[in-house]
Amino acid sequence: MIFDISKVFSRIPAILRYLPVTMELVIVSTVFSLILGFLIAVIKIRRIPVLRQLAAFYVSFSRGTPAIVQLYLFFYGFPLIFSLINRHYGTSLPTVAPSMLTALVAFTFSEASYSSETIRAALGSVDRGQMEAALSIGMTQRQAYLRIILPEALVFALPPFGNAFIGQIKNTSLAFTCAVVEMTAGAKLLASHDYRFFESYVSLAIIYWILIIITSHLLSLAEKKLKRDERIVPHDFADRQAA
Amino acid sequence: MILQIDKLRKSFGSNEILKGVSFSIGEGEVLGVIGSSGSGKSTILRCINYLEKPNSGRVRFADRDFDIETAEKQDIRYMRSHTAMVFQQFNLFKYKTALENVMEGLLVVRKQSKKEAECISREILARVGLENRMAYYPRELSGGQQQRVAIARALALDPKLIMLDEPTSALDPEMIGEVLDVIRNVAKSGKTMLIVSHEMNFINDIADHVLFLDGGLIAEEGAPSALFGNPQQERTRLFLRRANIISDYSI
Ligand SMILES: Nc1ncnc2c1ncn2[C@@H]1O[C@H](COP(=O)(O)OP(=O)(O)OP(=O)(O)O)[C@@H](O)[C@H]1O
Ligand SMILES: [Mg+2]
């Protein structure tokens, strides 16, 4: 048989066994890239000397090179640096890069440069008057950030964050460069046993596609929820509810 | 005296905006501030609650007395939590309903329970005529309604002083009246107020004392009847004539 459709369906559950690896890559690297991105955004907004130049250099490099190249740099760079350290200090750090960790670090670094720009723009999008109003009623700067500014910035940032998250799901297919077996590598592996490469990749494509459709849907639900003030509810109804 | 400001100075870079402004407000008094655009009216208000950091001067407010140059964090916190401000652009919290806007300070600053805060907020919103708009978001309200919510938000904290910075300047003409009425009622209830406005008739009507700010200093001050009716300084007369008010009195 040239194309075995039944293989496509039977392969799906087999590939799905690698879904947790893909999701771990996506979620962990997204969380850390948000934290790192926030720090970089603060460094830029506060114009902290030295750190600001470092951050600018890093953002420029990270955005100016392909993700796959960055993965290779981390994968082959770590062992080099580790063996240098071992030679100088007599330590015994591993000289083969731990694959999952390397992929997570590399994805975090490549994603954080984008998140930092999004976070900076989002904080900048909040009207200054909101902070002033919060301070003027006696809130502390911290309270104002947590209760007023960040929630407003989040509304602005959610669509770009969502796009980045979806991009990140697809990017994880590059993790094979660090010898991580996630869904794409798994599909290839499975195919190498029965040479059904095309069927395997069709299954893989279907899985990614559905995964991303679900994610987009969840994101747009979240967006609607955040933009509370753009509801379409009859006003007197809303008032009766509040009363 | 609830508030006494001594020799308040403020520069932006090399540009000195306030060159030693002194004034005081008695309890329950309404102080009006007038002056041409750029004369530093907003800056005075914003220095009092430290939205701008003043350069020097002395502040006596309720039982506090401190020098601006050596002001501590607690002084700033005291000023902010015992004054409230109404802004020209309303500055309501965008993703909070009218009710939530008014409750916010009670919950976060006064640490009241949700029930208590809601009860007080409903009462105050009713007082500014918004009993039917509690669950509305700012973008669902007219300018006049938004400004009334902002006044309610300021009132909720029961501040010792309410500062209003041109509260009607951003409003369509047909909405100015409703907001001025609310402010008038607040004044009648005995609240101490510091109000900057271009509505000369309103200031004349509501203020106990008026400052005319010019060139970074108080050029002239007095009771509204004196300041508007019989200004002593040439530049006050010039300003009032430009503001097209003097004709109302000189005839
Ligand atoms: N953050 C700032 N940085 C630099 N200059 C400022 C700043 N804020 C105000 N100024 C300047 O200070 C001067 C006084 O401003 P202020 O807003 O107090 O005037 P105002 O009397 O309230 O005027 P208006 O009637 O137009 O509101 C203006 O010349 C303004 O350009
Ligand atoms: Mg002003």
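Predicted model: local features only at pLDDT ≥ 70, side-chain atom pairs only at ≥ 80, totals over all residues.
Chain A brings 30 residues to the contact, and chain B brings 33 residues. Between them, chain A and chain B bury about 2800 Å², of which 53% lies on carbon and sulfur atoms. On the side of chain A, the residues that lose the most area to chain B are Ser136(A), Ile137(A) and Asp229(A), and together this trio accounts for 24% of what that side buries.

Two salt bridges are counted between chain A and chain B. Arg46(B) forms a salt bridge with Glu132(A), and the closest N and O atoms of this pair are 2.8 Å apart. Seven residue pairs, with both members at pLDDT 80 or more, are in polar contact across the interface of chain A and chain B. Three elements of chain A give two or more residues to the side that touches chain B, namely helix H6 (128–136), helix H7 (141–171) and helix H10 (235–242). H6(A) gives the most to that side, with eight residues. By residue class, the side of chain A that touches chain B divides into eleven nonpolar, seven polar and twelve charged residues.

Attention now turns to chain B on its own. The domain assignment divides this chain into domain 1, made of residues 1–82 + 163–251, and domain 2, made of residues 92–158. The C-alpha centres of domain 1 of chain B and domain 2 of chain B are 25 Å apart. Where these domains meet, ten residues of domain 1 of chain B are in contact with twelve residues of domain 2 of chain B. The area buried between domain 1 of chain B and domain 2 of chain B is about 950 Å², with 67% of it on carbon and sulfur atoms. Within domain 1 of chain B, the residues losing the most area to domain 2 of chain B are Glu178(B), Val182(B) and Lys191(B), and together they make up 39% of what that side buries.

Domain 1 of chain B and domain 2 of chain B have two salt bridges between them. Lys191(B), already named for the area it loses to domain 2 of chain B, forms a salt bridge with Asp158(B), with 2.8 Å between the closest N and O atoms. The count of residue pairs in polar contact between the two domains of chain B is five, both residues being at pLDDT 80 or more. Helix H6 (residues 173–188) of chain B gives the most to the side of domain 1 that touches domain 2, with six residues. That side of domain 1 of chain B divides into seven nonpolar residues, one polar residue and two charged residues.

Finally, some pairs can be followed within single helices. Over all chains, the search of the whole structure finds 24 salt bridges. Glu117(A) forms a salt bridge with Arg120(A), the closest N and O atoms lying 3.5 Å apart. Both of these residues, Glu117(A) and Arg120(A), belong to helix H5 (residues 99–125) of chain A, where they are three residues apart, about one turn of the helix. Tyr72(A) and Tyr76(A) form a stacked pair, 6.2 Å centre to centre and with 25° between the planes. Helix H4 (residues 67–89) of chain A holds both Tyr72(A) and Tyr76(A), four residues apart, about one turn of the helix.

Technical notes. Residues numbered from 1 in each chain as written. Chains lettered and ligands numbered in written order. Heavy atoms only, no water. Domains from an automatic or database assignment. Contact = heavy atoms within 4.5 Å. Buried area = accessible area lost by both parts, 1.4 Å probe. Salt bridge = Lys/Arg side-chain N within 4 Å of Asp/Glu carboxyl O. Polar contact = N/O pair within 3.5 Å; in protein donor to acceptor, adjacent residues only side chain to side chain. Nonpolar A, V, L, I, M, F, W, Y, C, P; charged D, E, K, R; others polar. Phe/Tyr/Trp six-rings, centres within 6.5 Å; stacked < 30°, edge-to-face > 60°.
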